[in-house]
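Subject: Structure handover

Hello,

Here is the structure I said I would pass on. Please look through it first; my notes on what was found follow below.

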Amino acid sequence: MATPKRKRATTRADNQASSDDLLKYYRDMLLIRRFEEKAGQLYGMGLIGGFCHLYIGQEAVVVGMQAATTGGDGVVTSYRDHGHMLACGMDSAGVMAELTGREGGYSHGKGGSMHMFSKEKNFYGGHGIVGGQVPLGTGIAFNYKYRGEDKVCLTYLGDGAVNQGQVYESFNMAALWKLPVVYCIENNQYAMGTSTQRHSASPDLYLRGEAYGIPGEQVDGMDVLAVKEAGERAVKHCREGNGPYILELKTYRYRGHSMSDPAKYRTKDELDKMRKEHDPIDMVKKLLIDASILDEDGLKEIDKEVKAEVAKSAEFAQNSPEPDPSELFTDILIEV
Amino acid sequence: MPIEVLMPALSPTMTEGTLAKWNVKEGDTVQSGDVLAEIETDKATMEVEAVDEGKIGKIVVDAGTENVAVNAVIAYILEEDEDASALDNVNPGEAKSAPAAAASEDKSSSSDNASSAPAASAAPVKASGAIERTDKEPRAMSEMNKTRDEKSYTKFKTLTVREALRDAMAEEMRSDENVFVMGEEVAQYQGAYKVTQGLLDEFGDRRVVDTPITEYGFTGLGTGAAFMGLRPIVEFMTFNFAMQAIDHIINSASKTLYMSGGQLGCPIVFRGPNGAAARVGAQHSQCYASWYAHCPGLKVVAPYSAADAKGLLKAAIRDPNPVVFLENEILYGQSFEVPDDDDFVLPIGQAKIEREGTDVTIVAFSIMVGKALKAAEKLAEEGISAEVINLRTIRPLDVNTIVRSVMKTNRLVTCEEGWHFAGIGAEIASVIMEHAFDYLDAPVARVSGEDVPMPYAANLEVLALPQEQHIVDAAKAVCYR
């Protein structure tokens, strides 16, 4: 390969999305936001335990990336995973019921917020150790190449994980063996409470693969269309057998790191500015209205549907029974 | 019905807090995401955001109120089509009982659960098929059940442990395309200890993969591939280096089946030399048997002979679970008789009685089996009949074989190269106390490595490692001789 392609701050080409696409992105992002708000509420009521990391603000990343893939491509991520699961098409009731630790959850209540999987939807977790999913995703891509399958693994990691040693071990092997993996760095600018400026000697995270010849791009992660467009380039690069690709998706989380984080390490103004000027859902809403695809009433209709789905999920998650005590001892080993 | 805004918990342990400030007043219109109020606990201040949109109908708890219980109603939001009259019938009262607590109460009367809680089918949202339990029958289950007693074989050949391991891998790679081996120097170099000799020539570099010296990364990579149904054999040049990778062995490989509710198995073998080699010092001489044996979700195997090595490695490769396979460098060059049959597989979880005896049971694994057998010979010369058990598998431990033997001999000596504290001997002593306490005629004796990092000097190294004579002495002690 010649000099690795390096791009910064991609500005997307004119909006190529069809009105159906835009409506889908709007609905998918709204579902994630409403779902997460509801999860926050259930957490506040003591219905969800332990750690709960919300995805509010980052919705354009997963929805845009998912739009850039085709059915069958794999997805793996860290513990801020609810949005990824919904974007993969996992059932919102099953996800919410896992958050409440119930039998109807994707892991029958044995995984929780950070550990959920759906083989059927090609979602491979949901991993609780920062950076741990990166070699795992690289291994999923190794599997695709080993079997000669035309698939790509989207491996998400945060700006905190990007300093983990195992990430570079993975970059090296993925580049060496030309594995079809897109490393999607969701740079929400805070590794828990430590800002990128304070945790990364080189804050341009899209350059982190340079030593391995992995092309990288920085993308506006609040713009679902920009994400999709960059995602398509990355996925194409992988499918053509050129090895891994890095996308740094600049995004922002509106909530704290987890539910018990008051987020005092940033100013209110910073958050308000992001919400008012860069909200990913408002952006698509504006596109829909400006292009007269839908009026306020039409949007309200979608809002209502989404709310109803989330309400049903929350109801299911509260009514599904707790796992049977006998479940304590199942799924430890596959019996031979 | 007006929407209740409840006092939220900031953590699962919070029971009450202070409502520090209202950011909205009655009559204000709010959207989801708007900050309604700030609450404080001893640890933090948090914002309460609106989840629903509407008009603030009534503020129930004033700003500055302390000790507001979690889940108490702090305000009401009126929906679009409601006016203040909707508030007439509401009664904030006491804090709602925490639904989570209610749910655990259900547990105690689980027989009522089915009737009181809506069944999944009656619930408005049907969980997708993915949540249903799936058939998780992997390949090779039928073959697994075909293990034969090794004594029933008639044809044998002499193999070193090294050759036996190589043959096991080669045979399994021939019969299953999903099996591949990866690790440092496994391909072109033919194995750092020549265990993978010849595999590259036969299977090519797609299936015999040289990795960079990055244990954490390639162990995670192998684990990810195993989640997808491949059957990686991950070779560690030695298990000392696997400490860099233990996060993926435990956190990823051993726990994911459980965390996924049975969806994602991990058919992987982690193998390589374990324990002390010779004169390589503290960082290269450690036994990890008790580390891995501690963890549910793993199987831990430690072969002694070439037959053990071949039969157990084949079983480990066919096993649908992660198997930690602890070899020993000093044994690699030793030769043993091995059944000459591609179908020779030994069951994981069964110990072998290497030598029958009546006076004392000696339990050992890996290289210590050889030392135990020699000790048994010496003991025989002194008129003590020792029974030697080769554990073969550490987890799951073959408790029955040990207990049966102790019920016969009434005395037990455990042997391991590793440290005694929380070691395998400690576990076996507990197991015997639980299952055969009344049969013991003496306290269980443990022979183990000394409680020191491995020294380099030849004389000190000998002193640090458990020797044949220690076993003889321990056996005599428990026999009061």
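Of the contacts in chain B between residues at least 6 apart in sequence, 75% join residues at least 24 apart. Please keep in mind that this is a predicted model. Chain B is built with 15 helices and 22 strands. Its length is 481 residues, and buried residues account for 49% of them.

Helix 12 (residues 399–409) and helix 13 (residues 424–436) of chain B have axes that come within 10 Å and cross at roughly 65°. The crossing of helix 12 and helix 13 of chain B is right-handed. From helix 12 of chain B, the contact takes Val399(B), Ile402(B), Val403(B), Val406(B) and Met407(B). Helix 13 of chain B supplies Ile428(B), Val431(B), Ile432(B), His435(B) and Ala436(B). By class, the residues in this contact are 9 nonpolar, 1 polar and no charged.

The peptide bond from Arg395(B) to Pro396(B) is cis, with omega near 0°. Pro396(B) sits in the loop between strand 20 (393–395) and helix 12 of chain B.

Next, the boundary between the chains. Here 61 residues of chain A are in contact with 69 residues of chain B. On the side of chain A that touches chain B, the elements giving two or more residues are helix 1, helix 4 (92–99), helix 5, helix 6 (165–176) and helix 11 (296–319) of chain A. Which of these gives the most? Helix 5 of chain A does, with 9 residues. By class, that side of chain A has 22 nonpolar, 27 polar and 12 charged residues.

Helix 5 of chain A covers residues 133–147, which is 15 residues. From first C-alpha to last, helix 5 of chain A reaches 21 Å, close to the 21 Å expected at 1.5 Å a residue. Helix 5 of chain A is mostly covered, with 14 of its 15 residues buried. Just after helix 5 of chain A comes Gly148(A), with a positive phi of about 70°.

Helix 1 of chain A, also on the list of elements that touch chain B, has 26 residues. Helix 1 of chain A reaches 37 Å from its first C-alpha to its last, close to the 38 Å expected at 1.5 Å a residue. Of the 26 residues in helix 1 of chain A, 20 are buried, so this helix is largely enclosed by the rest of the structure. Just after helix 1 of chain A, Gly46(A) has a positive phi of about 80°.

Within its own chain, helix 1 (residues 19–44) of chain A packs with helix 10 (residues 280–290) of chain A at an angle of about 150°, and their axes are 10 Å apart. Because of that angle, helix 1 of chain A is roughly antiparallel to helix 10 of chain A. The crossing of helix 1 and helix 10 of chain A is left-handed. On the helix 1 side, the contact is made by Leu22(A), Tyr25(A), Tyr26(A), Met29(A), Leu30(A) and Arg33(A). On the helix 10 side are Pro280(A), Ile281(A), Val284(A), Lys285(A), Leu287(A) and Leu288(A). By class, the contact of helix 1 with helix 10 of chain A has 10 nonpolar, no polar and 2 charged residues.

Some backbone details in chain A remain:

- The peptide bond from Gly125(A) to Gly126(A) is cis, with omega near 25°. Gly126(A) belongs to strand 3 (residues 123–126) of chain A.
- His108(A) is not a glycine, yet it has a positive phi of about 55°. Its place is in the loop between helix 4 and strand 3 of chain A. His108(A) counts as buried because it has 26 C-beta neighbours inside 10 Å.
- Asp331(A) is another residue other than glycine with a positive phi, near 65°. Asp331(A) is in the segment after helix 11 of chain A. With 23 C-beta neighbours inside 10 Å, Asp331(A) counts as buried.

Regards

Technical notes
Residues are numbered from 1 along each chain as its sequence is written. Chains are lettered from A and ligands numbered from 1 in the order in which they are written. This is a predicted model: local features need pLDDT of at least 70, side-chain atom pairs count only at pLDDT 80 or more; totals for chains, interfaces and linings use all residues. Helices (H or I, at least four residues) and strands (E, at least two) are DSSP runs, numbered from the N terminus. The expected span of a helix is 1.5 Å times one less than its number of residues. A residue is buried if 20 or more other C-beta atoms lie within 10 Å of its own, exposed if 12 or fewer, and partly exposed in between; C-beta atoms are placed from the backbone. Axes are lines fitted to C-alpha atoms, for helices over the stretch in contact, and angles run from 0 to 180 degrees between N-to-C directions. Angles under 35 degrees count as roughly parallel, over 145 as roughly antiparallel, 65 to 115 as roughly perpendicular and the rest as oblique. A crossing is left-handed if the near helix is turned anticlockwise from the far one by less than a right angle, and right-handed if clockwise. Two residues are in contact if their C-beta atoms, placed from the backbone, lie within 7 Å. Ala, Val, Leu, Ile, Met, Phe, Trp, Tyr, Cys and Pro count as nonpolar, Asp, Glu, Lys and Arg as charged, and the others, Gly among them, as polar.
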